[in-house]
Amino acid sequence: MRIVGLETEYGITDPDRPGANPILLASRLVSACREALGGLTARWDYGGEDPLQDQRGMRRERRYATADLLTDAPEYDEATRGVTLRRRRGSWEDPAHLNAVLPNGARFYVDHAHPEYSGPEVRTARDAVRWDAAGDAIVLEAAKRYEEIEGERVALYKNNVDGKGASYGTHENYLIPRDVDFDALAVALTPHLVTRQVYTGAGRVGLGMYGDDAGFQMSQRADYMETEVALETTLRRPIVNSRDEPHATRGRWRRLHLIIGDANCLEVPNLLKLGTTSLVLSAIEAGDERLEELELATPVEDVRTVSRDLSLTARLTLKSGETATALDLQRALLEIARSYADDAADAEVIARWEGVLDRLGRDVMEAAREVEWVAKLQLMGRLRAKHEAAHGTPMLWDDARLAAMDLQWSRLGDGLAWRLARAGAVERLTTDAEVAEAASQAPVDTRARLRGAAVVGLRDLVDAAGWSTVVIDRDTRHGNLEVVHLDDPHEASNALLDSLLAG
């Protein structure tokens, strides 16, 4: 399987001070994470950042970029029009942009107004699930340390909406060859991204960006998708994001960065999100002509149509003029994907994909142990049934108790989703021991191994690290920092780093 990764932005608040500044809370949380790890972290190297380059072959001029796009801002140099950080260690730190490169190869940092955990590069969807769960554990440990240090409570949520019109992301990353035409890829992948929410949706109470209309829908992100392809991530959100930051050899690789997905508290949706999308990408890379038959006529509108179609019967119009349901399209994609499953990890995804579609097709409630929106809907249905039995009238979807229940579902660690998992009511793919190991150790089969090992084993030498670099500060004749480039994400060894690690 290809290199993949998962990023999660957590909602954050102080339960005792609802008006507390989320940026400050997030900054203190990252600082607490450093404390909890005993300083076994490194700061971030922005050297590989190139946030304004577009996959479609253009570059956004910096003066026309909104602030949210400038992820390289902490170290961008106007004079050289690039990131030129190579300062001596300890000479610089920006408290507004706290970062922590972690021993497990991940990054934990402040992204706008949220703490974000970006998991390390992995080779299978199941490993992505494991290191994503490890991120939850790391963030919870940071929150515990935060409360010890600050004497204040902090609550974290693994969701994508704040109920006040704002949405924050869960981003997926897929390594693809540079010679794949991006425009063709975006067209071919869109039907999958529009319809996969039938099993990846986390469920949401409320319709519309502000949740003004009463109702329940599959996806947290659907109402925030406004265009088919774009560079932005916080406005004009696209089905396919076009940021061209490969974090690898540019002439050889692209990194497909997707922002349409929900943050999943359940593990099966995460497995399917990464696994099915990777297989569809394999079909696109192979130029499979069967995909052309699935192109949608109005994909942006269809994102919302699918999300609100809890019966799974709504018919979407294809460019050919024919119509199909989201399940029809997913079954067609499954059949295409079978041709590209070439190992046990892919076989697991195919089997799970087929089983979930079958259960959704018979009765959506049959998928409640695996599909998050169904599990949430089932739990809320019980509350609504109790209310109706007691009062003789149904609990309406604009009842504040349902909105509160939606929020409590995603509260990190002790929310309803975690309680269901502990009770065995929803399926887990990981064990506590596997998650604990992944919280402290990097994957051994990608370059994340070198990043994590350097943070732990070269603590006195590492100045900073990024996805494709480790910056070393040691006594040399030239007196400069040394940037070790790790431009192949598959490569888990490096002569210099391995030599230094061996002592």
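Student: Where is the place of Val 364?
Tutor: Val 364 sits in the loop between helix H8 (344–362) and helix H9 (372–391); helices here are DSSP runs (H or I, at least four residues) and strands are E runs of at least two, numbered from the N terminus. Keep in mind that this is a predicted model, where local features need pLDDT of at least 70, side-chain atom pairs count only at pLDDT 80 or more, and totals for chains, interfaces and linings use all residues. Residues are numbered from 1 along each chain as its sequence is written, and side-chain values use heavy atoms, with hydrogens and water left out.

Student: OK, does Val 364 count as buried or exposed?
Tutor: Buried, because its relative accessibility is 16% (buried is under 20% relative accessible area, exposed over 50%, partly exposed in between, with a 1.4 Å probe and protein chains only).

Student: What does Val 364 touch?
Tutor: Not counting residues up to four places away in sequence, Val 364 touches Leu 310, Leu 312, Arg 359, Trp 373 and Val 374, where contact means heavy atoms within 4.5 Å.

Student: Switching to the strands: how do S18 and S19 run?
Tutor: Antiparallel, with three bridges joining S18 (residues 462–465) to S19 (residues 469–472). Strands pair if DSSP finds at least two bridges between them.

Student: And which residue in S19 is opposite Val 462?
Tutor: Ile 472.

Student: What order do the strands have in that open sheet?
Tutor: The order is S3-S18-S19-S20, four strands with mixed pairing. S3 (43–44) and S20 (482–485) are the edge strands, each pairing on one side only.
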